[in-house]
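Let us take a walk through this structure together. Have the sequence and the 3D view at hand as you read.

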Amino acid sequence: MNKNHISKKSIVIGIFLSILLISVIALVFNKPPKNSALKGTYLSSDLPFATMVFDLDDNRTFYFYNESETDKGTYEYVSETTYKINSEKFNGQKMMFNGDDEVKIEIDHETYTFKKDSDLPTVINE
């Protein structure tokens, strides 16, 4: 009887350890994504006067400013790393988003990187 009791105890401990191990593995491999919402002000060092603003709180409004033009429209989520801009200048163009502080977009047949500037406000009033 004692021998049977020990094996039931061993089975319960084994099941408990298996559940614990599966839980730990699930937590490690299911890390939440970085800040997956595209929002804020982004600047490009290659285009020193260009600014892109993504306002998630205002129906995903998009603003683009540079030396000679401004553009306003909306942007939409396509996938975890891709967004699409709907505006006069960008007209459905897709851009890559790294989920944190950087977007890459093609402007006039060149790809530019814009980095988030946390010192600037999310929205620039017109």
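The paragraphs below go from a helix to a strand, then to loops and salt bridges.

Please keep in mind that this is a predicted model, in which local features need pLDDT of at least 70 and side-chain atom pairs count only at pLDDT 80 or more, while totals for chains, interfaces and linings use all residues. Residues are numbered from 1 along each chain as its sequence is written, and side-chain values use heavy atoms, with hydrogens and water left out.

Start with helix H1, which covers residues 2–29 and holds Phe16. Helices (H or I, at least four residues) and strands (E, at least two) are DSSP runs, numbered from the N terminus. Phe16 counts as exposed because its relative accessibility is 54%; exposed means over 50% relative accessible area, buried under 20%, and partly exposed in between, with a 1.4 Å probe and protein chains only. Phe16 also belongs to a nonpolar surface patch of about 900 Å², together with Ile13, Leu17, Leu20, Leu21, Val24, Ile25, Val28 and Phe29. Such a patch is made of residues with over 30% relative accessible area and no salt bridge, with nonpolar side chains (Val, Leu, Ile, Met, Phe, Trp, Tyr) joined within 5 Å and like charges within 9 Å. The areas come from the Shrake-Rupley method with a 1.4 Å probe, and for residues only the protein chains shown count as cover.

Now look at another phenylalanine, Phe54, in strand E2 (residues 51–55). Phe54 is buried, because its relative accessibility is 0%. Its C-alpha atom is 5.2 Å from that of Gly40, 14 residues away along the chain.

Two loops deserve a stop. Asn91, between strand E5 (82–87) and strand E6 (93–97), has a positive phi of about 30 degrees although it is not a glycine. Asp108, between strand E7 (102–107) and strand E8 (110–116), is also not a glycine and has a positive phi, near 50 degrees. Asn91 is exposed at 65%, and Asp108 is exposed at 62%.

How many salt bridges does a search of the whole structure find? There are two, where a salt bridge is a side-chain nitrogen of Lys or Arg within 4 Å of a carboxyl oxygen of Asp or Glu. In one, Glu69 pairs with Lys89, with the closest N and O atoms 3.3 Å apart. Glu69 lies in the loop between strands E3 and E4 and Lys89 in the loop between E5 and E6, so the pair ties together parts 20 residues apart in sequence. In the other, Glu102 pairs with Lys115 at 3.2 Å between the closest N and O atoms.
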